[in-house]
Amino acid sequence: MGSPAGNLAVTPSRNRASTPAVVVMRIKQVTFFLGILIVLAVFLLPLAYGVFTSLKTEFQLSAVGAPVLPSSLEQFENGGKSYDVYSVPMPDGTTKRLALVEKGRESSKFVDPTRPDAGLIDWKGAWRALNASWRIDLRWVNFVTAWKTIDFLRLLLNTIMYACISTIGAVCSASFVAYGFSRFNFPFKGAAFLVLMATIVLPPSVTLIPTYSFYFSIHWVGTWLPIIIPTFFSNAYNVFLIRQFMMGIPRELDEAAKIDGASPLQTFFSIIVPQAVPALIVVMLFHFFFCWNDFFGPLIYLAGQPGRFPISVGLTKFFNMYVRQNSLVQASALISTAIPICIFIFAQKYLTQGIVVTGVEK
Amino acid sequence: MKSARTGAVRGRGSSQRRFELKWGLIFISPWVLGFFIFFLVPMVSSLGFSLFDFNLSAVGAHKFIGLENWKRAVLKDTEVPLAVLKTFAFAGISLPISFLFALTLALVLNSSLLRGKSFFRALFYLPAMIPFVGTVMIWYGVLNQHAGWINQIIESVTGFKATGSNGIQWLQSVNLVYLSFTWIGLWGIGNMVMTFIAGLQKVPTELYEAATVDGAGWGTRLTRITLPMITPIIFYNLILAIIGTMQFFLVPYVINRGDGTPAGMTNFIMVYFYRQSFNYFNMGYGAVIAWIIFIIAMLFTVVLFTTQKRWVYYMGEK
């Protein structure tokens with residue numbers, strides 16, 4: 001950077017003044033970058049904990065002095081038997097990794113795993129004070145165990161069933177309502193839209209008791225219906241998002257279709273919906289994540305129906321039961337994370353746009 | 001042009017109006033129906049329910065008791081005001097920390113000094129993608145008194161004996177549990193950060209340039225330009241956060257099935273509502289608690305909306 005400036009060396013004083021400024025800038029940038037990297041590391045530390053723990057044995061989780069990385073005790077197999085390997089300080093000051101063959105109170109017999117034929121080594125001292133030798137060992141089998149114990153396939157199918165059906169409902173109803181609000185003038189439209197927006201700040205709990213009692217009286221409690229059916233009646237966030245987008249679609253398009261004799265329904269399906277696809281994708285994604293996380297509805301309406309649980313409730317019950325088997329708990333938490341994170345990686349742009357539209361363009 | 005149009009075809013104008021009314025109503029009818037079925041009627045009947053002693057586990061046994069449920073909630077049952085106070089106390093700790101963290105993060109992730117913005121934004125957003133139950137399970141492990149990394153790191157860095165039976169009890173200590181729940185909540189903060197970043201990008205750069213020419217430093221630019229310009233987004237997030245905190249339920253339910261551990265500290269109002277309504281099936285009393293949640297949330301919303309003229313700045317106004 002300095003050398004090309006050399007052939008322009010007309011104003012050395014200015015050159016000298018700018019170089020330190022650039023250096024200071026660079027230093028600032030680097031420290032800033034490193035500082036944020038550290039914050040990020042701390043922020044994501046629990047995730048690393050989850051990954052590491054999910055790959056450990058329960059033995060390692062409760063063992064004193066166990067390493068941070070998923071490992072198991074090193075074993076030495078000989079003559080059909082396996083022996084634990086320890087780091088043994090030798091009289092000559094070196095440390096050797098030896099397999100404990102015969103345990104004794106004051107002295108124990110070891111064998112060198114690399115030279116098992118060399119015979120037993122007698123070592124004086126308490127073997128319990130020795131450090132066990134650990135070897136990296138990733139227990140992927142924990143994921144299989146967690147998957148089976150929790151019957152994850154069923155939770156997954158339930159959740160996907162819920163997500164698919166209700167996403168169809170949410171997207172169709174919201175685009176319908178959004179089209180009504182964005183293209184037609186009728187009395188009290190502004191007021192109606194305000195009421196729609198006001199439902200965002202309404203705590204859902206206030207309507208819960210009557211709706212629950214109603215579903216109870218028509219025997220819907222215990223089924224998915226009370227959770228799925230309301231999604232077919234649109235929701236304020238989705239309507240807002242799609243409406244914002246539809247307002248940006250040129251009206252000339254509808255007018256042209258109208259002159260050609262298209263009814264509003266035809267216009268909606270042939271002109272507006274194809275144009276609004278990006279907004280519909282955003283709503284689809286949001287609704288999918290909403291379903292994946294939806295907790296309170298399934299918890300109260302599906303209580304006592306484990307075969308119908310979605311992931312959120314199934315995981316909770318599993319967690320309450322297996323809270324002591326932390327490796328399984330972490331493995332199941334990570335399994336539940338896989339699909340949303342995959343979708344996030346592929347659809348990040350759409351998601352960010354959607355968040356920005358609902359949050360900023362009020 | 002407008003007058004020519006209305007003057008020339010008055011008859012068509014009214015048929016046009018009827019046409020718009022008809023189709024407008026057809027298209028918004030899903031919402032209108034849904035609003036009546038799932039909002040208005042249940043809300044009103046919720047008030048009615050609150051006047052009955054009504055238990056779903058004993059079918060047919062409901063008795064009109066007037067304001068008895070309300071009296072019980074407000075005057076006799078100390079659990080209700082206590083649960084409200086606990087919810088406020090938690091909000092008092094969690095909201096300032098979350099907002100400060102989200103704002104700082106947004107400023108940092110939007111700073112011109114930062115290289116690799118999209119990388120950092122994606123990774124800071126990542127935990128918001130984790131299903132919230134999974135988040136709680138992961139944090140439950142990492143905050144574990146004995147084997148959790150937080151205590152182990154504190155111990156190895158500071159030498160303070162953080163693990164063991166006299167160690168730091170993040171989730172069992174009366175003093176720490178709200179703070180721990182706040183940390184857990186920071187993993188769901190991604191959306192707020194995104195909206196703040198979007199708000200920051202909308203601040204006109206000329207404002208900063210003008211301020212720099214006038215000799216304003218970093219702090220002045222922050223408090224005089226940046227913060228006032230993003231007050232609408234702070235306002236929006238504040239309303240959502242207050243409604244959300246009033247209904248804070250998932251974390252205490254997943255961690256200890258809503259039993260209030262430690263010492264009733266996590267008996268938030270929504271937890272109590274769940275217990276009365278869906279453990280004891282006291283639907284009449286549950287309706288009262290739900291209305292109390294609603295009234296408090298509405299009070300805060302109304303206060304925020306009426307004071308917004310004083311502190312929320314909308315671009316383009318005035």
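Over which residues of chain A does pLDDT stay under 50? That stretch is residues 1–14 of chain A, for which the model has three contacts beyond four places in sequence. The structure is a predicted model, and where pLDDT is low, the predicted coordinates should not be read in detail. Chain A as a whole averages a pLDDT of 86, with 94% of its residues scoring at least 70.

**Confidence and domains**

- Among the elements of chain A, the lowest mean pLDDT, 42, belongs to helix 1 (residues 2–6) of chain A, whereas the highest, 95, belongs to helix 8 (residues 225–228) of chain A.
- Chain A is divided into domain 1 (2–54), domain 2 (75–132) and domain 3 (150–360), and the C-alpha centres of domain 2 of chain A and domain 3 of chain A are separated by 62 Å.
- Chain B is divided into domain 1 (2–49) and domain 2 (68–311), and the centres of domain 1 of chain B and domain 2 of chain B, taken over C-alpha atoms, lie 39 Å apart.

**Overall form of chain B**

- The secondary structure of chain B consists of 15 helices and two strands; with a radius of gyration of 26 Å, well over the 20 Å that the globule rule gives for 318 residues, chain B is more spread out than a compact globule.
- Taken along the principal axes, the box filled by the C-alpha atoms of chain B comes to roughly 90 × 75 × 35 Å, and 38% of the 318 residues of chain B count as buried.
- Of the contacts in chain B between residues at least 6 apart in sequence, 63% join residues that are at least 24 apart.
- Helix 10 (residues 205–213) of chain B is hardly covered, since the count of buried residues among its nine residues is zero, and this helix is followed by Gly215(B), whose phi is positive, near 85°.

**Nonpolar cores**

- The largest nonpolar core has 114 residues, of which Val136(B), Val193(B), Ile289(B), Ala290(B) and Ile293(B) touch the most other members; helix 15 (residues 283–311) of chain B gives the most to this core, with eleven residues.
- Leaving aside residues up to four places away in sequence, Val193(B) touches Ala102(B), Leu105(B), Ala106(B) and Phe124(B).
- A second, separate core of 31 residues includes Met246(A), Ile272(A) and Val282(A) together with Phe27(B).

**Contact between the chains**

- The contact takes 73 residues from chain A and 71 residues from chain B.
- Several helices of chain B each supply at least two residues of the side that touches chain A, among them helix 5 (117–125), helix 9 (190–202), helix 12 (231–246) and helix 14 (269–279), but the largest share, 18 residues, comes from helix 2 of chain B.
- The residues on the side of chain B that touches chain A divide into 54 nonpolar, 13 polar and four charged.

**A buried threonine in chain A**

- Thr352(A) has its place in helix 15 (residues 326–360) of chain A, and Thr352(A) is buried because 20 other C-beta atoms lie within 10 Å, where the cut-off for a buried residue is 20 or more.
- Although Thr352(A) and Val282(A) are 70 residues apart in sequence, their C-alpha atoms are 9.0 Å apart in space; Val282(A) is also one of the residues included in the second core.

Note on methods:
Residues numbered from 1 in each chain as written. Chains lettered and ligands numbered in written order. Predicted model: local features only at pLDDT ≥ 70, side-chain atom pairs only at ≥ 80, totals over all residues. pLDDT = per-residue confidence, 0-100. Helix = DSSP H or I, 4+ residues; strand = E, 2+ residues; numbered from the N terminus. Contact = placed C-beta atoms within 7 Å. Rg over C-alpha atoms; globule rule 2.2 N^0.38 Å. Buried ≥ 20, exposed ≤ 12 C-beta atoms within 10 Å, placed from the backbone. Domains from an automatic or database assignment. Core = buried A, V, L, I, M, F, W, Y, C linked by C-beta atoms within 7 Å. Nonpolar A, V, L, I, M, F, W, Y, C, P; charged D, E, K, R; others polar.
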